[in-house]
Amino acid sequence: MSSRPSTTRTGAARRVLAGRTDPRSASRVAVVGATGRIGSLTVAALERGGHEVVRVSRSLGVDVTTGTGLDSALAGVGAVIDVTNHPPADRAATVERFGLATRTLLAAGERAGVRHHVLLSIAGLDRVEGNAHYAGKREQERLVATGPVPWTIVPTTQFHDFAAMVAEWTERDGVASIAPLLVRPVAPADVAGILAEVATGGPRGRHPEVAGPEPQDLVDMARRTHAARGRSVRLVPAWGGVFGPDMAGDVLLPREGAHIAPTTFEEWLASPDGRGETR
């Protein structure tokens with residue numbers, strides 16, 4: 001088979017041969033919430049793929065609530081990935097915060113000519129009524145799905161570090177209460193890779209739910225994460241706070257047809273992230 005370049009290649013395609021990025025997939029992508037846990041992983045995944053990344057974060061001078069710096073940040077951007085979160089609040093305040101930020105971001109995206117808005121969301125939002133955060137995410141999904149920018153919503157199950165985070169919220173004097181949730185956790189890095197892949201393709205509407213390979217019990221996950229990190233915390237299984245009995249059973253598990261990411265909880269525990277190591 002000849003290695004001679006085809007005469008039908010465009011000039012952009014010929015630049016691939018000079019070591020540049022593939023013009024079929026390279027693009028300028030804004031990651032909103034870029035300095036957070038998922039945001040930073042998504043930035044890294046995009047950059048590994050040769051894409052130009054615009055980091056959007058309040059700490060970098062861009063505020064999606066007020067719109068400060070947003071028009072400038074989105075100039076020339078083809079796709080936006082929104083992985084932002086908002087501090088806990090009551091239901092009405094949470095819905096308003098998610099709504100205001102999403103409306104501001106979508107309006108700026110429309111002005112900038114953004115062609116694809118990608119939203120990171122949560123699997124099973126429609127099955128949980130009593131959680132204020134879920135109510136806020138439902139409003140965010142509604143605004144994106146009815147908004148002016150072509151979109152993809154990527155709903156995922158809880159992340160592998162979710163159990164330790166929940167225990168940290170309630171820990172007092174070495175004791176933490178944690179809800180006995182059944183989840184199918186997914187690795188944050190796997191989610192970041194999927195977000196990068198989705199954003200650099202065309203809008204898909206609602207993406208299949210994304211989940212990890214195996215179901216896990218949240219209490220056991222917290223216990224094993226603490227052990228991997230050399231921490232001794234007494235865990236008390238209990239419903240309460242934002243986690244009520246309406247989240248029991250298979251409510252948080254993915255539906256049939258979910259996209260199953262490869263990294264197991266055990267593999268994540270053995271990684272620097274699972275052990276809580278600073279890289």
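Arg111 is exposed, because its relative accessibility is 58% and the cut-off for exposed is over 50%. In this predicted model, Arg111 forms a salt bridge with Asp71, and the closest N and O atoms of the two are 2.8 Å apart. Arg111 belongs to helix H4 and Asp71 to helix H3, so the pair links distant parts of the chain, 40 residues apart. Asp71 is partly exposed, with a relative accessible area of 43%.

Helix H4 itself runs over residues 91-112. Its 22 residues reach 32 Å from the first C-alpha to the last, close to the 32 Å expected at 1.5 Å a residue. Just after the helix comes Gly113, which takes a positive phi of about 75°. The buried residues of H4 include Phe98, Leu105 and Leu106. Among the elements they pack against are helix H3 (70-73), strand S1 (28-32) and helix H5 (132-145).

Helix H3 also contains Ala73. This residue counts as buried, at 12% relative accessibility. Leaving aside residues up to four places away in sequence, Ala73 touches Arg28, Val54, Val56 and Val62. Ala73 and Ala112 are 39 residues apart in sequence, yet their C-alpha atoms are 9.4 Å apart in space.

Next come further charged pairs. Side chains of opposite charge can pair when their charged atoms come close. The count of salt bridges in this model comes to 17. One of them joins the side chains of Asp161 and Arg37, at 2.4 Å from N to O. Asp161 lies in the loop between strand S5 (151-156) and H6, while Arg37 is in helix H2 (residues 37-48), so this pair ties together parts that are 124 residues apart in sequence. Asp161 is buried, with a relative accessible area of 16%, whereas Arg37 is partly exposed, at 36%. In another salt bridge, the side chains of Arg58 and Asp63 meet at 3.3 Å, N to O. Here Arg58 is exposed, with a relative accessible area of 59%, and Asp63 counts as buried at 14%.

Now turn to helix H8, residues 218-228. At its start, a side-chain oxygen of Asp217 reaches to within 3.1 Å of the backbone nitrogen of Val219. The helix is followed by Gly230, whose phi is positive, near 70°. Which residues of H8 are buried? They are Leu218, Val219, Met221, Ala222, Thr225 and His226. Seen down the helix axis, these buried residues fall within an arc of 160°, so they line one face of H8. What covers them includes helix H6 (162-170), strand S6 (175-178), strand S11 (234-237) and helix H9 (265-270).

Leu218 also has a place in the largest nonpolar core, which has 26 residues. Leu218 is listed with Leu181, Leu235 and Leu252 as the residues with the most contacts inside this core. H6, S6, H8 and H9 each supply at least two of its residues. Leu181 touches Leu218 and Leu252, and its other contacts include Phe162, Trp239, Phe243 and Met247, not counting residues up to four places away in sequence. A second, separate core has 24 residues, including Val29, Val53, Ile81 and Val83.

Note on methods
Residues numbered from 1 in each chain as written. Predicted model: local features only at pLDDT ≥ 70, side-chain atom pairs only at ≥ 80, totals over all residues. Heavy atoms only, no water. Buried < 20%, exposed > 50% of the residue type's maximum accessible area, 1.4 Å probe, protein only. Helix = DSSP H or I, 4+ residues; strand = E, 2+ residues; numbered from the N terminus. Arc of directions from axis to C-beta. Contact = heavy atoms within 4.5 Å. Polar contact = N/O pair within 3.5 Å; in protein donor to acceptor, adjacent residues only side chain to side chain. Core = buried A, V, L, I, M, F, W, Y, C linked by side-chain atoms within 4.5 Å. Expected span 1.5 Å × (residues − 1). Salt bridge = Lys/Arg side-chain N within 4 Å of Asp/Glu carboxyl O.
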